[in-house]
Amino acid sequence: MIKETINKLHSELPATVKLVAVSKFHPFEAIEEAYQAGQKVFGESRPQELLAKVKRLEEVRVAKGDPDYMSDIEWHFIGHLQTNKLKMVLPYASLIQSVDSVRLLEAINNWGRANNKVLNVLLECFISSDETKQGFSRQEVLDLVSGESRYDFIHISGVMGMATYTDDEQVIRSDFRRLKEISDMIQDRVGECNNLSSDCREISMGMSDDYPIAIELGSTMIRVGSMIFGERNY
Ligand SMILES: *Cc1c(COP(=O)(O)O)cnc(C)c1O
């Protein structure tokens with residue numbers, strides 16, 4: 001099932017859209033199966049779980065006597081990140097999709113300076129009408145990218161957002177349009193802004209239930225979990 005879904009998604013997605021397979025709450029074996037079907041990028045939302053899977057892969061490499069086993073796997077962090085858990089995530093994740101506050105940005109930048117590593121991030125934007133969700137507002141993004149302070153150890157690659165949890169397609173569409181507008185606003189300012197490089201173009205939006213709409217509205221990266229791996233047991 002995992003293999004078939006990965007194959008189907010890979011054959012259907014436009015070349016401009018990257019698939020992140022969200023493997024949270026699923027075992028390492030499920031990741032292996034997806035990897036063998038050609039999937040390279042996996043999304044995890046809990047620091048402890050990401051770290052456990054990274055360690056597990058290291059053990060499997062030792063057991064197989066093959067240090068290159070799954071060597072081109074990439075981990076994206078997509079969950080809420082507390083500043084006291086950075087060291088469990090930042091050494092391993094190639095992209096932190098869920099940076100949702102200036103405080104976190106500063107903490108990541110400090111970690112980057114201390115460890116001499118530039119971290120790739122997306123700015124998580126608040127686009128839904130669910131009060132429980134987090135993220136920057138449009139104005140906060142604007143202030144951040146054009147602000148005085150400069151984050152030397154952070155590379156902002158774009159934005160991420162989650163639509164309202166609803167069956168109403170019009171609501172989902174207007175949420176995704178909002179994220180696309182924030183991205184367009186950033187594009188207009190690339191070059192003038194301290195914290196932006198010219199390739200700040202990623203728009204991570206779309207999950208199992210809404211990714212076709214997200215793609216239609218400009219997504220460059222979809223985060224698909226349950227459609228690939230089945231329901232999660234929390
Ligand atoms: C869990 C999660 C997903 C995947 O959701 P599915 O509905 O299972 O596809 C995507 N993005 C984020 C931020 C998540 O936490």
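Helix α1 (residues 2-12) packs against helix α2 (residues 28-36) at an angle of about 45°, with the axes 8 Å apart. Axes here are lines fitted to C-alpha atoms over the stretch in contact, and angles run from 0 to 180 degrees between N-to-C directions. This is a predicted model, in which local features need pLDDT of at least 70, side-chain atom pairs count only at pLDDT 80 or more, and totals for chains, interfaces and linings use all residues. Residues are numbered from 1 along each chain as its sequence is written, and side-chain values use heavy atoms, without hydrogens and water. Helices (H or I, at least four residues) and strands (E, at least two) are DSSP runs, numbered from the N terminus.

α1 and α2 are therefore oblique to each other: angles under 35 degrees count as roughly parallel, over 145 as roughly antiparallel, 65 to 115 as roughly perpendicular and the rest as oblique. I2, K3 and I6 in α1 meet A30, E33 and A34 in α2. Contact means heavy atoms within 4.5 Å.

Now look at α2. Its buried residues are F28, A30, I31, E32, A34 and Y35. Buried means under 20% relative accessible area, exposed over 50%, partly exposed in between (1.4 Å probe, protein chains only). Their cover includes α1, β2 (41-44), α3 (47-64), β3 (74-77) and α9 (226-229). Just after α2, G38 takes a positive phi of about 105°.

F42 touches I31, A34 and Y35, among others. F42 is also among the residues with the most contacts inside the largest nonpolar core, which has 70 residues. Such a core is a set of buried Ala, Val, Leu, Ile, Met, Phe, Trp, Tyr and Cys residues joined through side-chain atoms within 4.5 Å.

Methods:
Lists of a residue's contacts leave out its neighbours within four places in sequence.
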